[in-house]
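Let's take a friendly walk through a protein model, one piece at a time. Have a look at the picture first, and then read on.

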Amino acid sequence: MDFYSPIHEVKFESYPSIWVKRDDLIDPFISGNKWRKLKYILTEAKAQGKNHLVTFGGAYSNHLLACAAAAARFGFTCSAFVRGEEVDNEMLFLSRLFGMKHSFVSRTDYRDKQKLFDQHYSLDPQAYFINEGGACEEAVWGCAEILDQVHADYDHIFCAAGTGTTAAGLLRAVNESRSNCKLHVVPVLKDQGATHQTIASYVEVLENVVIENDYHFGGYAKTKPDLLQFISRFTSQTGILIDHVYTGKVFYAIYDQFNKGQLKADARILAIHTGGILGLLGAKKFFPLNPKKPL
Ligand SMILES: *Cc1c(COP(=O)(O)O)cnc(C)c1O
């Protein structure tokens with residue numbers, strides 16, 4: 001179950017080159033950090049002899065799709081509690097094709113995940129609980145491995161944070177490398193300290209982490225015209241898709257910090273592309289059509 005992802009040098013407009021760890025290329029469906037997180041979760045489920053994954057997510061969750069695809073690939077069945085009223089979309093459609101069974105639950109019921117699991121699966125000895133977004137210690141181990149194949153010395157590493165699990169893994173690896181590298185974490189929701197708290201629950205030494213709280217664009221899955229325009233420019237000029245929920249905000253932060261002089265032109269910068277680009281299918285309506293070609 002091992003995957004490799006390359007590092008690409010990326011030159012965008014007149015900015016200095018940066019490097020991108022292309023975890024988005026690991027797999028189209030078990031994408032990016034979701035694969036990193038699932039790797040040891042699935043190992044643990046197998047070790048406990050469980051063959052039914054039960055997990056949780058919103059209707060556009062990259063985690064649900066990754067879980068569904070990984071379950072199908074590695075010999076598990078898979079069920080998911082989906083937050084909110086029953087809907088259908090591209091992500092749920094794909095996860096259904098991979099065999100995932102969906103149960104839609106109210107936002108109130110969704111809050112107590114352990115209770116949902118106990119109510120519905122306490123009689124299923126094969127059921128294995130996987131938290132929303134795959135957040136757990138095993139996920140942190142997997143995410144620390146993102147930097148295993150990164151040998152150059154970077155001054156700054158940038159990544160997105162939802163739960164903060166990926167950032168926690170990266171920080172462990174940065175701390176172990178004993179370099180002067182700073183890990184810049186971009187929370188994609190209005191943070192108010194939650195990301196820092198999550199990271200601190202997994203990692204003791206926090207000197208090398210900087211939480212970048214200015215790039216959430218209004219909150220989870222919220223966008224602004226500025227961000228959408230940036231995504232179009234970046235994708236059309238580099239050939240690398242980035243999305244409006246996670247990686248778009250990370251790359252925006254990097255170039256904004258170049259503009260403001262917070263990043264020096266000769267700094268070595270690594271952006272972690274955590275994948276998740278199929279979520280863009282839900283954002284089609286936000287992007288303006290290309291202007292008509294002149295006759
Ligand atoms: C889920 C996801 C994240 C957030 O990861 P956390 O470990 O929950 O912080 C970041 N980027 C992408 C593309 C994701 O799908």
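## A strand with two neighbours

Strand 7 (residues 156–161) and strand 10 run parallel and are joined by three bridges. Here strands are DSSP runs of E with at least two residues, helices are runs of H or I with at least four, and both are numbered from the N terminus. Two strands count as paired if DSSP finds at least two bridges between them. In this pairing, Phe 158 stands opposite Ala 271 of strand 10. Strand 2 (residues 18–22) is also parallel to strand 10, with four bridges between them, and Val 20 stands opposite Ala 271.

A word on where this comes from: the model is predicted, with local features needing pLDDT of at least 70 and side-chain atom pairs counting only at pLDDT 80 or more, while totals for chains, interfaces and linings use all residues. Residues are numbered from 1 along each chain as its sequence is written, and side-chain values use heavy atoms, leaving out hydrogens and water.

## Inside the structure

Is strand 10 buried or exposed? Five of the five residues of strand 10 (residues 269–273) are buried, so this strand is largely enclosed by the rest of the structure. Buried means under 20% relative accessible area, exposed means over 50%, and partly exposed lies in between (1.4 Å probe, protein chains only). Ile 269, Ala 271 and His 273 point one way from strand 10, while Leu 270 and Ile 272 point the other way.

Four strands make an open sheet with parallel pairing, in the order 5-4-3-6. Strand 5 (101–105) and strand 6 (127–129) are at the edges with a single partner strand each, so one side of each has no neighbour in the sheet. From one strand to the next, the twist averages 25 degrees.

Five bridges link strand 4 (residues 77–83) to strand 5 in the parallel sense.

## Two packed helices

Helix 1 (residues 33–47) packs against helix 6 (residues 137–144) at an angle of about 130 degrees, and their axes are 7 Å apart. Axes are lines fitted to C-alpha atoms, for helices over the stretch in contact, and angles run from 0 to 180 degrees between N-to-C directions.

Contact means heavy atoms within 4.5 Å. Helix 1 contributes Asn 33, Arg 36, Lys 37, Tyr 40, Ile 41 and Glu 44 to the contact, and helix 6 contributes Glu 138, Ala 139, Trp 141, Gly 142 and Cys 143.
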